[in-house]
Amino acid sequence: MSDTSSSGRPAGARDRDSAGRARNARPRDGLGRPLPYGAGGVPRQPEGVVRTPEETVAEAQALLDGGKPFHAHEVFEDAWKSGPEDERTLWRGLAQLAVGLTHAARGNATGGARLLRRGAGAVEEWVSDTGVRAPHGMDATGLAVWARELADAVERAAESGAAGAVDAARNAPRLRGGA
């Protein structure tokens, strides 16, 4: 019996970040799926970055356009966790939209549709509670419509037996209109 795993690390050892927190160091693909140690992957988004709303929207849009909704979710999650309390529902909803697209792109129709609808509901709830229809220039109504339409399409495909992964870049929303 070996005391090391196939990665060369001690068996049972956990990956840790520079602060000592458990963090999986395996490389990831563009949809956030773990790859084997030593494989090439997509650089991960740094966690805990405080950005302005403008920077958040621009960075998330670039990642969505590049077919990396998992990474866009991490950008939205930073805004959710570091932003003002009264915007947390908005940023959480946007993170859920990105994760919903991630699941749909991975071929998980049920999880993708569920998260797309949950995110649409959170964005709509925030708009209803605040009366702000274009937070930080984003088309909140258009994003909710995009999410529900994609959820419906993913479910229809699954029901017809034609289920498969959606193209994350081709199906990415336009955060500031044209979703």
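How many cavities of 30 Å³ or more does the count come to? In this predicted model, the count comes to 1 cavity of 30 Å³ or more. The report describes that cavity and then the packing of the helices.

**The cavity**

The largest cavity holds about 50 Å³ of space. Its lining is formed by Leu64, Phe76, Leu94, Leu97, Ala98, Leu101, Leu143, Trp146, Pro173 and Leu175. Two elements give two or more residues to this lining, namely helix 3 (88-105) and helix 5 (140-159). Helix 3 supplies the largest share, 4 residues. By class, the lining has 10 nonpolar residues, no polar and no charged ones.

**Helix packing**

Two packed helices are described by the angle between their axes and the distance between the axes.

| Helix pair | Axis angle | Axis distance |
|---|---|---|
| Helix 1 and helix 2 | about 165° | 7 Å apart |
| Helix 2 and helix 3 | roughly 165° | within 8 Å |
| Helix 4 and helix 5 | roughly 160° | within 9 Å |

*Helix 1 with helix 2.* Helix 1 spans residues 53-65 and helix 2 spans residues 69-82. Angles over 145 degrees count as roughly antiparallel, and helix 1 and helix 2 are therefore roughly antiparallel to each other. Their crossing is left-handed. On the side of helix 1 the contact is made by Thr56, Glu59, Ala60, Leu63 and Leu64, and on the side of helix 2 by Pro69, His71, Ala72, Val75, Phe76 and Ala79. These residues divide into 8 nonpolar, 2 polar and 1 charged. Leu64 and Phe76, both part of this contact, also belong to the lining of the largest cavity.

*Helix 2 with helix 3.* Helix 2 and helix 3 are likewise roughly antiparallel to each other, with a left-handed crossing. Helix 2 contributes Pro69, Phe70, Ala72, His73, Phe76, Glu77, Ala79, Trp80 and Lys81 to the contact, while helix 3 contributes Arg88, Trp91, Arg92, Leu94, Ala95, Ala98, Val99, Leu101 and Thr102. The contact comprises 12 nonpolar, 2 polar and 4 charged residues. Phe76, Leu94, Ala98 and Leu101 take part in this contact and are also among the residues that line the largest cavity.

*Helix 4 with helix 5.* Helix 4 covers residues 109-130. Helix 4 and helix 5 are roughly antiparallel to each other, and the crossing of this pair is left-handed. From helix 4, the contact involves Ala109, Ala113, Leu116, Arg117, Ala120, Gly121, Val123, Glu124 and Val127. From helix 5, it involves Ala140, Ala144, Trp146, Ala147, Arg148, Leu150, Ala151, Asp152, Val154, Glu155 and Ala158. By class, there are 14 nonpolar, 1 polar and 5 charged residues in the contact of helix 4 with helix 5. Trp146 of helix 5 takes part in this contact and in the lining of the largest cavity.

Technical notes:
Residues numbered from 1 in each chain as written. Predicted model: local features only at pLDDT ≥ 70, side-chain atom pairs only at ≥ 80, totals over all residues. Heavy atoms only, no water. Axes fitted to C-alpha atoms, helices over the stretch in contact; angles between N-to-C directions. Parallel < 35°, antiparallel > 145°, perpendicular 65-115°, else oblique. Left-handed = near helix turned anticlockwise from the far one by under 90°. Contact = heavy atoms within 4.5 Å. Nonpolar A, V, L, I, M, F, W, Y, C, P; charged D, E, K, R; others polar. 1 Å grid on protein atoms, 1.4 Å probe; cavity = no way out; pocket = protein on both sides within 12 Å on 5 of 7 lines; lining within 4 Å. Points joined across faces, edges and corners; volume = space filled by probe spheres on them.
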